[in-house]
Amino acid sequence: RQQGISKVLENLFGFGGDEFYMQEWKQLEGKTFGEVLFYFKDAVPIGIMSPEGDCLLKPDDDYTMKPGDEIIVLAEDDNTYEPAEEPFQDLDAPWLLTQKSMR
């Protein structure tokens, strides 16, 4: 039994708090999912919905975004997030490169 799990589920699946959204962002085509994670400050990317309707939750970091792919995010509202022009984290940071090599 997990204490507090009902609150987590209520926040994820209820109508209050953050919700799931999907949108195609053409400027992120060609980026890997691992890179996409660092383009959103106000949302958490959790997966991809392909144009064929395949839902990929937590794709590999090296998954490359293709035309028509929609990014599934957890966000406050559909108008509270958008990708930044540049990643908010240096993708060549030593600690990040170490994390990548451990996978």
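Predicted model: local features only at pLDDT ≥ 70, side-chain atom pairs only at ≥ 80, totals over all residues.
Me: Hi! What order do the strands of the sheet take?
Reply: The open sheet has 4 strands in the order E1-E4-E2-E3, with antiparallel pairing. Strands here are DSSP runs of at least two residues, numbered from the N terminus, and two strands pair if DSSP finds at least two bridges between them.

Me: Which strands stand at the edges?
Reply: E1 (19-23) and E3 do; each has a single partner strand, so one side of each is left without a neighbour in the sheet.

Me: And how many bridges join E1 to E4?
Reply: There are 5; Met22, for one, has Ile72 in E4 as its bridge partner.

Me: What about Val73, buried or exposed?
Reply: Buried, at 0% relative accessible area; buried means under 20% and exposed over 50%, with partly exposed in between (1.4 Å probe, protein chains only). Val73 lies in strand E4, and its C-alpha atom is 5.5 Å from that of Ile46, 27 residues apart along the chain.

Me: New topic: where does Asp69 lie?
Reply: Asp69 is in the loop between strand E3 (55-57) and strand E4 (70-75).

Me: Which side chain makes a polar contact with the side chain of Asp69?
Reply: That of Tyr63, at 2.7 Å. A polar contact is a pair of N or O atoms within 3.5 Å, one able to donate a hydrogen and the other to accept it within protein; residues adjacent in sequence count only if both atoms are side-chain atoms.

Definitions and conventions. Residues numbered from 1 in each chain as written. Heavy atoms only, no water.
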